[in-house]
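Hello,

Here is the structure I promised to pass on to you. Have a look at it first, and then read on for my notes.

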Amino acid sequence: MNGTLITTMLISVLRLTVPIVLMALGNMFSERAGIMNLGAEGMMISSAFGAVLGTYIFNNPWIGVLVAILCSMLVAGIHSVISVEFGGIQNISGLGLNMLAAGLTAFLCRALFATSISPTVKNLQTTNCLKRVPLIGDVLAQFSPLAYITVAIIGICWFVMSKTVFGMHVVAVGDDPRTAETAGIHVWRIRHFCVTVLCGALAGLAGAYLSIGQLSFFMEDMTNGKGMLAVIAVKMGRWTPKYIVGVALLFGFFDALQAQLQINNALNIAPELIQTLPYVAGIVTMFISSSSKENPRALRQPYVKNKYKF
Amino acid sequence: MSKKKISGGDSLKAIMTPCLIILIAMAFVSVLLIAIGANPFAVFKSLFQGAFGTPRGLINTVSKSVPICLSAFAVALAKKVGVFNIGVEGQLVFGALGSAIAGIYLKGLPMLVHLPLSLLCGMLAGMIYAMIPTQMFVKRQVNLLVIFIMMNNLAKLFSTFVIMSMIRDPSSITTASLPIQESAQLPNIVTSPGKLNISIFILLGIGALIYIVFYKTVWGYELSACGLNREAARYSGINIGRYLTWGLLIGGALAGLAGAIEVQGTYYRLYDGFSPGYGFDGIPIALLSNNNPLFMFIGSILFAALRVGSNNMQIEQGVPSEIVSVIQGTLVTLIACEYIIKYLAGRIVYKKKEA
C-alpha cells in the first residue's frame with residue numbers, strides 16, 4: 001500500500017514538474033539575454049489553447065503541438081518587438097500580454113465552443129510504445145511523449161548554455177550589451193532569437209503539455225500561476241539549467257502533494273487551503289532567494305538601437 | 001516659436017498619447033470582432049446603450065465606477081513612488097473579507113459607529129495584506145510583480161476558504177457569506193431604477209484628499225521624488241524604504257476600501273468571486289491618466305461602462321463579455337511601448353502645427 005502510494009506520488013511529481021521546467025528553461029534564455037519575461041503565463045495559456053484548437057481542427061495531437069508553438073511564438077514575438085526592438089518597459093509588456101492572452105483565449109473559447117471548457121480532443125497522455133520495455137515498461141508508458149522530449153531539452157539547454165559559443169554570446173549580451181556589441185556580437189539578433197524562438201518554443205511545449213499532455217481539453221485560466229512559478233524557479237535556480245530543474249522539481253512536489261492531499265483527504269483540511277500550497281511554496285522560495293551576483297547585469301535594462309534614440 | 005506655443009503643443013501631445021493608445025486598442029478589438037463574424041459598430045452601439053442608454057444602466061455605471069476608481073487611485077499612488085502595484089485585486093478581496101466579518105459579527109452597534117468601523121476594517125485588511133509583499137520588496141528586493149500575482153491567487157483561495165468553512169450562509173445556493181447587519185449597510189441616494197449609494201461621496205472626498213496631499217504637502221513632494229529618481233532622492237536624504245512602504249500600504253487600504261464598499265453598498269454579503277477584476281481595471285486607467293485625478297474619474301466611468309454594457313452586448317450581439325479583458329490587456333501592452341506612441345503622437349501634433 002505504502003509502496004504504491006510512493007510510486008503514484010513520484011509519477012505525479014514528475015508529471016507536474018514538466019510544464020514548469022519547460023517554461024523556466026525558456027525564461028532562462030530570455031533572462032540570460034537580458035529580457036525579463038513576465039509574459040510566461042500568457043505564452044503558456046495561448047499555447048494551451050492553440051494545442052487544443054490545432055488538435056480539434058486537424059485531429060492530430062502532434063499538429064496541435066506545432067500550432068501551440070506557433071501561438072506562443074506569436075505572443076513571444078510581440079514581447080520581443082516591444083522590449084527588444086522598441087526598448088519598452090519589459091515588466092509592463094509581460095503583464096499586459098498575460099492579461100491579453102488570458103482574455104483572448106477565454107474570448108475565443110467562448111466564441112468557438114460556446115462554453116468556458118473546450119470539447120475533448122485527442123491527447124498525448126501516454127507513450128504506448130514504451131510498454132514493451134521489461135520490468136518498468138508500465139511506469140514508463142504513463143508519461144506523455146512530451147515529458148521525454150523535456151528530458152532531452154534539459155540536456156540540450158545545459159549543453160548550449162555552457163559549451164557553445166552561442167551560449168557565451170547570450171550571457172555576454174545579458175551582462176553588458178554595449179561591450180558585446182563592440183566585440184561584434186549581434187545584440188538585437190541574439191535577444192530576438194532568445195525571446196521569440198527559444199522562449200516561445202519552450203513555452204509552446206509547456207502549454208501544449210498542460211492542455212493535451214496532462215488533460216485533453218482547454219479550460220479558462222488553466223495555467224493557474226504555473227508561469228509565475230517558472231519565473232521564480234529561474235531566479236532561485238540562478239539561471240543555470242541544473243538548479244532550475246531542481247527548483248522546478250520542488251514546485252512539482254508541492255503541486256503533487258496538493259493534488260494527492262485533495263484526493264485522499266488524509267488530513268481533513270479544507271481543499272481551498274490545500275490548493276494554496278504551491279503559491280505559499282513559491283512565495284517562501286522567493287523570500288529565501290536573495291539577489292545573487294550571478295544576476296544577468298543588464299536584466300530589464302533596455303538597450304535601444306541608435307535609430308530609435310530621440 | 002514662442003514658449004507658450006511649445007507648451008501648448010506638449011499638452012496636446014500628452015492628451016494625444018492616451019487617445020492614440022485607446023484608438024489602436026479599439027481597432028484591434030474591431031478586427032477581432034470581424035474575425036468572429038460580428039459587426040463592430042453594432043457591438044459598440046449595444047455596449048454604449050447598455051451602459052448609458054437607460055437610467056438604470058447609467059446609475060449602474062456610475063456606481064460600478066467607484067471601486068474601479070479606488071483601484072486606479074491605488075495603482076496611481078504606487079506609480080508615484082515608482083513601483084507597479086498589481087496586487088490591488090488581492091487586496092480588494094481581502095478588504096471585502098475584513099469588512100464582511102466586521103459587518104456580520106459586530107452586533108448591537110449604532111449605525112454611526114458600525115458603518116465606518118466596518119469600512120475601516122476593510123481598509124485595515126487590505127493594508128495588512130499589502131504589508132507582506134511590501135516588506136519582502138523593501139527588505140529583500142524580490143520581484144514585486146511576481147509576488148503580487150502569487151498573492152492575488154492566494155487571496156482568492158483564502159477568501160473562498162473563509163466563506164466556505166466559517167461564515168457561509170447555509171440557506172444560500174451560491175457560495176456566499178451570511179448577510180451583514182443592517183447598521184453596516186451604506187445608505188442609498190437613489191433606489192428606484194438602480195441603486196446608487198453614498199460611496200460616490202467617499203470617492204470624491206478621497207480624490208480631493210489625494211490631490212491635496214500629493215500636490216500641496218512636503219510629504220507628497222518627497223514621495224514623488226522617490227518615483228522620479230530614486231538615487232537622487234536617496235542622496236538628498238529621503239528615506240526611500242519608508243515612502244515605498246507607505247505608497248504601497250495606502251494603496252492596499254484604498255483597495256480594501258473598494259472591496260468593503262462592494263460588500264456594504266452593493267451585495268450586503270460577501271459572494272465568492274464577487275470582483276470581476278476591478279483591481280486589474282485600475283491598472284490601465286492609472287497608467288494612462290498621467291496621475292490626474294480627473295482623468296482617473298473619466299477613465300473609471302469608461303471601464304465601468306464596459307463592464308455594465310458588456311452584459312447587454314452579450315445578450316444582444318452574442319459576443320462573449322470576455323472582450324473586456326482583451327481590451328484591458330491590449331491597453332496595458334500598448335502602454336509598455338508608450339514612448340514609441342508618444343513619438344508618433346508628437347509627429348502628428350507638430351506636423352499639423354508646421355502645416
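To begin with a term: helices here are DSSP runs (H or I, at least four residues), numbered from the N terminus. This is a predicted model, so local features need pLDDT of at least 70 and side-chain atom pairs count only at pLDDT 80 or more, while totals for chains, interfaces and linings use all residues. Residues are numbered from 1 along each chain as its sequence is written, chains are lettered from A and ligands numbered from 1 in the order in which they are written, and side-chain values use heavy atoms, with hydrogens and water left out.

Let me start with helix 2 of chain B. This helix covers residues 40-53 and holds both B:F48 and B:F52, which are four residues apart, about one turn of the helix. In general, an α-helix has 3.6 residues a turn, so residues three or four places apart point the same way. The ring centres of B:F48 and B:F52 are 5.1 Å apart with the planes at 50°, so this pair is tilted. For the terms: rings of Phe, Tyr and Trp (its six-membered ring) pair if their centres lie within 6.5 Å, and planes under 30 degrees apart count as stacked, over 60 as edge-to-face and the rest as tilted. B:F48 is exposed, at a relative accessible area of 53%, whereas B:F52 is partly exposed at 28%. Here buried means under 20% relative accessible area, exposed over 50% and partly exposed in between (1.4 Å probe, protein chains only).

Which residues of helix 2 of chain B meet helix 12 of chain B? Among them are B:A42, B:S46, B:G50 and B:F52, and the partners in helix 12 include B:I301, B:A305, B:G309 and B:M313; contact means heavy atoms within 4.5 Å. Helix 12 of chain B spans residues 293-317, and the two helices pack at an angle of about 115° with their axes 7 Å apart. Axes are lines fitted to C-alpha atoms, for helices over the stretch in contact, and angles run from 0 to 180 degrees between N-to-C directions. The crossing of helix 2 and helix 12 of chain B is right-handed (a crossing is left-handed if the near helix is turned anticlockwise from the far one by less than a right angle, and right-handed if clockwise).

Chain A has a helix pair to set beside that. Helix 2 and helix 3 of chain A cross at roughly 145°, and their axes come within 7 Å. This crossing is right-handed too. The contact involves, among others, A:S46, A:G50 and A:G54 of helix 2 and A:G64, A:A68 and A:C71 of helix 3. In the loop between these helices (40-58 and 61-85) lies A:N59. Its phi is near 60°, a positive value in a residue other than glycine, and A:N59 is partly exposed at 48%.

A:R300, in the segment after helix 13 (277-288) of chain A, also has a positive phi, near 75°. A:R300 is partly exposed, with 43% relative accessibility. One of the residues in contact with A:R300 is A:M36, which also touches A:H79, A:V231 and, from the other chain, B:N143. A:M36 sits in the loop between helix 1 (2-32) and helix 2 of chain A. Is A:M36 buried or exposed? At 5% relative accessibility, A:M36 counts as buried.

In chain B, ring pairs link B:F94, B:Y129, B:F158 and B:F161 into a cluster. Charges meet rings as well: the charged end of B:R140 sits over the ring of A:F287, 5.1 Å from its centre, and that of A:K242 over the ring of A:Y243, at 5.7 Å. The rule is that NZ of Lys or CZ of Arg is within 6 Å of the ring centre and within 35 degrees of the ring normal.

Finally, helix 4 of chain B (residues 88-105) has 16 of its 18 residues buried.

Best wishes
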